[in-house]
Amino acid sequence: MAALTSHSTEDPTSVNAVLFQGSTCLPPALVPSESKCSIGGYPAYAVAVRNVAQIQLAVNFARNSNLRLVIKNTGHDFSAKSVGMGALSIWTHNLKQVQFFKNYSQGSYRGPAFKLGTGVQAFEAYEAARQNGVTIVGGEGRTVGVMGGFLLGGGHSPLSSLYGMGADQVLSMEVVTADGRFVTASATSNPELFWALRGGGGSTFGVVTSVVVKAYPKIKVTTMTYLLATGTNVTTDQFWAALRAFFDGFITYTDAGNYEYFRISKIGEGQFVSDMGPWFAPGMSKVQLEELVAPLFAKFEALGVHVDPVYTEYDDFYDAWSASFPVEPFASDSIRQASRLFPKSNWQDAAKLNATFEAIKSVVEEGGYFIAFNVAASPKGGYPDNAVNPAWRNTVLHAILASLWNVNNPEADIKAASDRLTFDWMQRWRDVSPGAGSYMSEADYIEPNFTQAFFGSKYQKLYRLKQLYDPFGVFYAHTAVGSEDWQMSETILGNLPSQNSRLCRK
């Protein structure tokens, strides 16, 4: 699967969300019996751009020819924003500029910075930072294009509890707008565009070609992993009680700058497993992390639950990240995901926390696959005014839920599994977190009221800026700002807009 991931990110049109593309041409590694292959919802043409002029030509050609235009970097987004039937695609993957500034000055900022092309991926950005003795904020996924859609959509990081979102690090951007102009967006040049690009979503306001981001001093990191599972020595009640003890400490852990990445799944009737992989503690020594989690493990022991935590101390972020986050699976048509940014206030009210935990527990008991991050993107040092979803500033839990099925099952069964995710399981989560939100890049493809869930109170301004910078709708992406003015002509499973169909104005 790792090889498949690498191939997909290196391909000009391949994406993660193949279900919404139409599943017309899946690799044999996924569907061994697949004998026919058609373009389907993949773009008809892709421009492997290597400079600004090529991007300008592609944008002008698409606009003047009334062609659907899409932008692809690595294609990790859950919502197929980089595909579209008959489209012209701008592939930004080869924009690999890396330039380090030891002493960069812009506005009130004085310090180290990088100018990175939007094709630079996480592993490349982190390698450059290590080589220059600094640290930068990026994603946990190795092959994600951290200066592309990741950053434009906000971008959470193992360092977010310390330094905020990826979008918070941006000092300036270079971008080709819908009219073909090449402009700089910063606090002093095109400031409204600059505001919108930092968290307002990709494929919406222009094609970003490069980004200048802050860098931080080299930082030590301690990680910790453990496995919690039902079995001979742990009953189902003990399992859930131990998890609840962990949940109780979420505010404490993020206040300490930590980031926990963990999963919970049902492996049999009354049988569950949760792996911590990893507990990521930037700026902490092994002794400091042990002190932080000692009360948690004391609660485990009081419950009769014993785990064997494995601690590893690293001198810098790169080594900790490289050892902790392997290449992840990429592309499947047998899964749909959704997410929720549960608010910190739910942890400050006992009744709300009980309801939150029960809502999560209930969907796992019914077979939902739970992946989550204890993270708080509201650092003590503050954060800039930008378009990042306000829900990120109030959360301590970014939770992803997946519904899976066998592709050989009857379509009615697959539809039932798909619908259950949105209209049953996720509704329970929305019910216990009214007014909260969801991370647009790891979200439900048919998130109800997506303008509120992905953008919150920022949406009205974002929509106004969309009309200002792209009045003719040159840039379209599913659930992006302004996408409610358009619709796909066909659906998959009755309610999933098919990218293998015509895009029409409403």
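Which residue in β3 is the bridge partner of A46? In β3, that partner is S89.

Before going on, some ground rules. This is a predicted model, where local features need pLDDT of at least 70 and side-chain atom pairs count only at pLDDT 80 or more, while totals for chains, interfaces and linings use all residues. Residues are numbered from 1 along each chain as its sequence is written, and side-chain values use heavy atoms, with hydrogens and water left out.

Helices (H or I, at least four residues) and strands (E, at least two) are DSSP runs, numbered from the N terminus. Two strands pair if DSSP finds at least two bridges between them.

Contact here means heavy atoms within 4.5 Å.

Next, strand β11 (residues 221-229). It runs antiparallel to β14 (residues 310-314), joined by 5 bridges, with T225 partnered by V310. It also runs antiparallel to β13 (residues 271-282), through 8 bridges, and there Y226 stands opposite M276.

Now the helix pair. α8 (residues 236-248) and α12 (residues 350-365) pack at about 135°, axes 11 Å apart. That angle makes α8 oblique to α12, because under 35 degrees counts as roughly parallel, over 145 as roughly antiparallel, 65 to 115 as roughly perpendicular and the rest as oblique. On the α8 side, the contact includes W240, L243 and F247; on the α12 side, it includes L353, F357 and I360.

Last, the cores. A nonpolar core is a set of buried Ala, Val, Leu, Ile, Met, Phe, Trp, Tyr and Cys residues joined through side-chain atoms within 4.5 Å; buried means under 20% relative accessible area, exposed over 50%, partly exposed in between (1.4 Å probe, protein chains only). The largest has 71 residues, of which F114, L151 and L197 touch the most other members. Apart from it lies another core of 51 residues, including F246, F250, F300 and W347.

Technical notes. Axes are lines fitted to C-alpha atoms, for helices over the stretch in contact, and angles run from 0 to 180 degrees between N-to-C directions.
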